[in-house]
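Here are my notes on the model you sent over.

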Amino acid sequence: MAQVLLLSDAPDDVLPSLELLNHRLRAFPADASSIVRAPQVDVTLVDARQDLAHARSLCQLVKSSVLSPVIAIVTEAGLPTLNDAWQADDFILSDASPGEVDARIRMAAVEAEDIPSTGEIRAGAIVIDETTYMATIHGKLLNLTYKEFELLKHLALNPGQVFTRDRLLHEVWGYDYFGGTRTVDVHIRRLRSKLGPEYESLISTVRNVGYRLLVEGIEPSTGTEEPDDAS
């Protein structure tokens with residue numbers, strides 16, 4: 001049984017065969033914010049029956065953010081539009097039989113298990129290598145301390161999500177850390193400095209709440225922005 005994420009604005013009729021299968025299905029609206037909120041899954045299905053351009057963008061975002069195999073659900077008329085730019089691993093016709101749907105989901109899940117983890121986290125132009133504790137932006141190496149690296153990694157794992165200072169303190173520094181939330185502000189300021197003037201705004205401040213990492217193509221959660229040098 002695979003953990004399956006379905007991105008669709010009409011999940012009840014997108015792929016009727018799914019209801020007959022034993023996979024654990026989670027359905028979310030077909031928008032970028034769903035990719036941020038969705039749980040970790042084995043396979044992601046993207047509804048590509050109508051708005052093909054939007055579906056293609058979702059497939060690309062899933063591949064860069066969720067790192068799960070992507071299967072596009074298309075009609076026979078939409079099949080000729082599929083190409084490498086979609087970055088989809090496979091496709092399923094919306095009227096496919098239960099047996100075919102099950103086979104394609106299982107094959108995608110098995111292939112994902114066979115691919116060794118690279119220890120690499122990508123959030124837009126930011127690439128974080130957990131095995132070497134190195135981070136780059138557009139290929140430029142960021143000279144980070146251990147805590148700066150852990151803080152950036154935590155934000156990059158949840159692009160667009162707003163974190164309070166308390167939550168960041170507990171999740172990055174640990175519950176046994178007795179320092180105040182000002183520590184978070186200091187490290188955010190240092191991170192912005194190392195990102196440089198061109199990219200410091202990627203770490204945005206949400207007034208009276210905390211911080212989030214902005215990634216192109218992913219709609220941020222709601223909140224009122226403060227200037228980028230706010231703390």
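**Notes on the predicted model**

1. Let's start with helix 2, where the buried residues are Ala55, Leu58, Cys59, Leu61 and Val62. Those residues cover an arc of only 165° around the axis, which puts them on the same side of helix 2. The arc is taken over the directions from the helix axis to the C-beta atoms. An α-helix has 3.6 residues a turn, so residues three or four places apart point the same way. For the wording: buried is under 20% relative accessible area, exposed is over 50%, and partly exposed is in between, using a 1.4 Å probe and protein chains only. Helices (H or I, at least four residues) and strands (E, at least two) are DSSP runs, numbered from the N terminus.

2. Before going further, the ground rules. This is a predicted model, in which local features need pLDDT of at least 70 and side-chain atom pairs count only at pLDDT 80 or more, while totals for chains, interfaces and linings use all residues. Residues are numbered from 1 along each chain as its sequence is written, and side-chain values use heavy atoms, with hydrogens and water left out.

3. The length of helix 2 checks out. Its 14 residues (52–65) should span 20 Å at 1.5 Å a residue, and the end C-alpha atoms are 20 Å apart, which agrees; the expected span is 1.5 Å times one less than the number of residues. What do the buried residues of helix 2 pack against? They pack against strand 1 (3–7), helix 1, strand 3 (43–47) and strand 4 (70–74), where contact means heavy atoms within 4.5 Å.

4. Now strand 1, where four of the five residues are buried. Strand 1 pairs in the parallel sense with strand 2 over five bridges, and in the parallel sense with strand 3 over four; pairing requires DSSP to find at least two bridges between the strands.

5. Ala72 sits in strand 4 and counts as buried, at 0% relative accessibility. Ala72 and Cys59 are 13 residues apart in sequence, with their C-alpha atoms 7.6 Å apart in space. Leaving aside neighbours within four places in sequence, the contacts of Ala72 include Val46, Cys59, Trp86 and Phe91.

6. His23 is worth a click. This residue is found in the loop between strand 1 and strand 2 (24–28), and it is buried, with a relative accessible area of 12%. Its side chain makes a polar contact of 2.7 Å with the side chain of Asp102, and a polar atom of the His23 side chain lies 3.1 Å from the backbone nitrogen of Ala2. A polar contact here is a pair of N or O atoms within 3.5 Å; within protein, one must be able to donate a hydrogen and the other to accept it, and residues adjacent in sequence count only if both atoms are side-chain atoms.

7. Ser34 is another buried polar side chain to look at. Ser34 belongs to helix 1 (residues 32–37) and counts as buried at 0% relative accessibility. The Ser34 side chain reaches the backbone oxygen of Pro29 at 2.8 Å. Beyond neighbours within four places in sequence, Ser34 is in contact with Leu7, Phe28 and Pro29.

8. On to the cores. The largest nonpolar core has 27 residues, of which Ile128, Leu152 and Leu213 touch the most other members. Helix 4 gives the most to this core, with five residues. A second, separate core of 19 residues includes Leu7, Val41, Ala55 and Ala72. A nonpolar core is a set of buried Ala, Val, Leu, Ile, Met, Phe, Trp, Tyr and Cys residues joined through side-chain atoms within 4.5 Å.

9. Helix 5 has Arg165, Leu168, Leu169, Val172 and Trp173 as its buried residues. They cover an arc of only 100° around the axis, which puts them on the same side of helix 5. Their packing partners are helix 4, strand 10 (163–164), helix 6, strand 11 (203–206) and strand 12. Just after helix 5, Gly174 takes a positive phi of about 100°.

10. Overall, the protein has six helices and twelve strands, and 43% of its 231 residues count as buried.
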